[in-house]
Amino acid sequence: MRALLVDDELPALAELAYLLRLDARITEVTPVGSGAEALSALAQQPFDVVFCDINMPGLSGMDVARTLARMPSPPSLVFITAHEQHAVDAFEVRALDYVLKPVRAERLSEAVRRVVGARAAESASPTTAPEPEDETIAVELGGVTTFVRRSQVIYAQAQGDYARLHTDDGAHLVRVSLTLLEERWQEAGFARIHRSTLVNLARVTHVRVHQGHCSVLLDDVELQVSRRHTRALRDRLGRTGLAPAGRRRGEL
């Protein structure tokens with residue numbers, strides 16, 4: 001792949017270029033020192049992936065990302081930054097990955113792997129119906145930032161402007177609205193069952209109706225389905241072939 005590297009800190013730019021040149025999946029590395037230079041390079045030649053810092057004088061990494069989003073066939077975007085607080089913004093501009101400085105070789109290799117997978121899925125024939133690339137969300141707990149994959153999320157619940165992601169390992173609060181998660185994850189098998197709840201349909205084991213009230217079971221967790229969302233859930237499960245395998249009496 002042809003990679004464009006954007007960072008106003010020359011030592012960090014040189015280190016990133018060195019690491020990427022060691023990766024056999026990267027055939028060409030073009031380092032530039034500002035957002036303006038990045039836009040100029042993008043206008044002159046095509047790139048497969050852009051590794052971009054966020055906090056830069058003049059045009060920031062977010063400005064570069066918004067420009068990429070307007071391109072008909074944009075390159076993949078990976079943010080390389082020392083600042084954790086931009087993780088939600090990166091999610092909103094559809095960055096494929098978010099790598100924190102100082103960059104470790106194995107972490108950068110994982111970012112390249114994700115880019116390769118995403119671009120392979122994009123180039124696949126529509127008839128193969130490739131699975132959406134598994135997204136990663138940065139979550140903070142006790143001052144430590146970790147990353148949760150979308151496929152690990154069992155269900156999400158709204159908490160004001162935040163969402164609490166429930167996984168097998170626990171719950172994680174992220175500054176992302178449930179509405180945004182629904183828009184981004186609908187094609188990946190997530191469905192709204194209540195104004196405050198989004199579930200991973202692949203983790204639904206039963207759908208139960210009792211005295212006119214509907215609920216879903218996700219292993220040992222039971223969640224209520226609002227009347228407004230019951231019919232849509234029934235249609236969604238049937239249409240996607242994700243109808244729960246085990247049904248007991250009184251269940252859909």
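**View 1. Asp53 sits in the loop between S3 and H3.** In this predicted model, helices (H or I, at least four residues) and strands (E, at least two) are DSSP runs, numbered from the N terminus. Asp53 counts as buried because its relative accessibility is 5%; buried means under 20% relative accessible area, exposed over 50%, partly exposed in between (1.4 Å probe, protein chains only). UniProt, in an unreviewed entry, places the feature "modified residue: 4-aspartylphosphate" here, at Asp53; such annotations may be inferred rather than shown by experiment. Leaving aside neighbours within four places in sequence, the contacts of Asp53 (heavy atoms within 4.5 Å) include Asp7, Asp8, Thr81 and Lys101.

**View 2. Strand S3 (residues 49-52) is covered on both faces.** Look for Val49 and Phe51 on one side, with Val50 and Cys52 on the other; all are buried.

**View 3. S3 pairs with S1 and with S4.** Strands pair if DSSP finds at least two bridges between them. S1 (residues 2-6) runs parallel to S3, joined by 4 bridges, and Ala3 has Val49 as its bridge partner. On to S4 (residues 76-81): this strand is also parallel to S3, again with 4 bridges, and Cys52 is partnered by Phe79.

**View 4. S3, helix H3 (residues 61-69) and S4 form a right-handed β-α-β unit.** Right-handed means that, with the strands pointing away from the viewer, the path from the first strand over the helix to the second runs clockwise.

**Reading the views.** Residues are numbered from 1 along each chain as its sequence is written. Local features need pLDDT of at least 70 (pLDDT is the predictor's confidence in each residue, from 0 to 100), side-chain atom pairs count only at pLDDT 80 or more, and totals for chains, interfaces and linings use all residues, while side-chain values use heavy atoms, without hydrogens and water.
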